[in-house]
Amino acid sequence: MKVNRVGVALLLQAFFLPWLAFIVLRYLGPVTYPSVDGFSFLFLAIFMLPFFLLLPFLLVSKKVVVREVSGVWVSNPLAEGRGFSVVILLVFIYFFAVVLDKIVLSNVLTVGITEARYAAMVDGPRGSLLGAVHYLLAGAPVLLACLLLSRSRWQKGGVLEFCLWVLVVVCFASFFLSGGRNSYVVGVVFILFYFSLEKKRSVGGEGSEGGRNLRFPLWIKVFSVFGFFYVLYIFVERAEIRGTNLEGAVFALAKNYNVDVVVPEWIPGAFLQIYYCFLFLVFYVTHSLSYLSSYFELGYSPNIGGGYSFSVVFRIIDVLFGTSYVPDALDQLIIPGVYLTLPGTMYVDFGLFGAFLAGILLAFLSLVYVSRALRRGGWSLLAGAYLLTLLALSPIFSITNVGNGFSTLMIIIFLSFWNRRRSLSRSSARLLVSD
């Protein structure tokens, strides 16, 4: 296995910096939590141990060299047109499914996005085929954005690329139609890591630069800023639907979740509203440890065997075979539907020893695919970006069971098999010709 220092550094930064920010915000931020069980920290340290063991790889000195095939530098994860066309097709199917389901049938724009979300939570799963389609394909716009970034480095964008970028933006906006923010957050973080991997690749052999400079279109950056502010505005919408304002929601937060909040008196009115949003954001990012601690305080491990991390897979099995694995698994949780951090999710699914093995496997896979992404490109760029996203958001949740995380993973796996099948077909054709 070839390892390079650039990849190891990026991997460790993606994992440890978010956890450092998590600790700073939780213990030095404006939200003060009750003390957590001491074993929670021991458990997190055990889970993180394999990543600490990667530190010696920083001493490795290997240049990142891009693999060349037939004189063409492989930067596009799907260099051939058919793979790219498949991703575009999946995006169009997602777009029409979400428009029909959310706008035409559910009428969320008239009812209100947040109102429709709360109504859906009360009514429970609808069993909608259209809903299942756009949920399973919600990762396609994220991957299309990545492919477009790679294409922009090697060829000048035209009308097609512009129209596809517009489609990506519209699809990202549609992520908010569910009333949540996780699909947008996961998608943006994924694209940023993909961008970072593609940017760090040494193009043209011995560290020289080649191709066009890789950069986002300006209007995409502007849209991302608006998206971030809408993520914050969701806190306002949820306060309003409960019949209160942000100030009332903040004090309700303190009461309902047994936390203390700090609200400086010197902050003026307009900025105070922004500060309230910041308070909710801090709570959103840091509350998962408290829910994880409950399991250690009770000495309870559900061991539900992946039903929490990969609930979509088991839900499909339930539908096909009439089983009730997912409801039974959720009944074993202390509080269903809360964030438990990535290590906590592994603990709930596989117990203490299983979570430790999951940490080892995750560290190994991240090392392999991030190094491979920088060295060889191809679909490994997508796999590396996914693993880095999983690590970066691990202090909050596991992306495999929130937003479009599962969809993105499944489409990446599909593209990897597609790529291998195409490679095998070309190899077989060459053998036949040579015979």
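## Basis of the model

Because the model is predicted, local features are reported only where pLDDT is at least 70 and side-chain atom pairs only at pLDDT 80 or more, whereas totals for chains, interfaces and linings use all residues. Residues are numbered from 1 along each chain as its sequence is written, and side-chain values use heavy atoms, with hydrogens and water left out.

## Overall make-up

The protein contains 18 helices and four strands, where helices (H or I, at least four residues) and strands (E, at least two) are DSSP runs numbered from the N terminus. Of its 435 residues, 50% count as buried; here buried means under 20% relative accessible area, exposed means over 50%, and partly exposed lies in between, with a 1.4 Å probe and protein chains only.

The accessible surface comes to about 20,900 Å², and 67% of this surface belongs to carbon and sulfur atoms; such areas come from the Shrake-Rupley method with a 1.4 Å probe, and for residues only the protein chains shown count as cover. Among contacts (heavy atoms within 4.5 Å) between residues at least 6 apart in sequence, 83% join residues at least 24 apart.

## Helix 1 and the nonpolar patch

A nonpolar patch on the surface is formed by Leu17, Leu20, Ile23, Val24, Tyr27, Leu28 and Phe41, which together have about 710 Å² of accessible area. Patches are made of residues with over 30% relative accessible area and no salt bridge, with like charges joined within 9 Å and nonpolar side chains (Val, Leu, Ile, Met, Phe, Trp, Tyr) within 5 Å. Helix 1 (residues 5–28) gives the most to this patch, with six residues, and Leu20 lies in helix 1.

The buried residues of helix 2 are Ser40, Phe43, Leu44, Phe47, Met48, Pro50 and Phe51, and they pack against helix 1, helix 13 (288–298), helix 16 (341–376) and helix 17 (380–392). In helix 13, Ser293 is buried, with a relative accessible area of 1%, and Ser293 touches Val36, Asp37 and Ser40, not counting residues up to four places away in sequence.

The 13 residues of helix 17 should span 18 Å at 1.5 Å a residue, which agrees with the 18 Å between its end C-alpha atoms. Since 13 of the 13 residues of helix 17 are buried, the helix is largely enclosed by the rest of the structure.

Trp379 belongs to the loop between helix 16 and helix 17 and counts as buried at 14% relative accessibility. Its C-alpha atom is separated by 7.9 Å from that of Asn419, although the two residues are 40 residues apart along the chain.

## The salt bridge

A search of the whole structure finds one salt bridge, defined as a side-chain nitrogen of Lys or Arg within 4 Å of a carboxyl oxygen of Asp or Glu. The side chains of Arg151 and Glu161 meet in a salt bridge at 2.9 Å, N to O, and this pair links Arg151 in helix 7 (residues 140–154) with Glu161 in helix 8 (residues 159–174), ten residues apart. Arg151 counts as buried at 16% relative accessibility, and Glu161 is buried with a relative accessible area of 12%.

## Loop residues

Most residues other than glycine have a negative phi. Asn107, in the loop between helix 3 (81–105) and helix 4 (108–111), has a positive phi near 55° and counts as partly exposed at 32% relative accessibility. Asn303, in the loop between helix 13 and helix 14 (311–321), has a positive phi of about 50° and is partly exposed, with a relative accessible area of 44%.

Ile334 is found in the loop between helix 15 (325–331) and helix 16 and is partly exposed, with a relative accessible area of 32%. Ile334 touches Ser294, Tyr295, Leu298 and Tyr300, not counting residues up to four places away in sequence, and lies 9.7 Å from Leu292, C-alpha to C-alpha, at a sequence separation of 42 residues.

Methods:
The expected span of a helix is 1.5 Å times one less than its number of residues.
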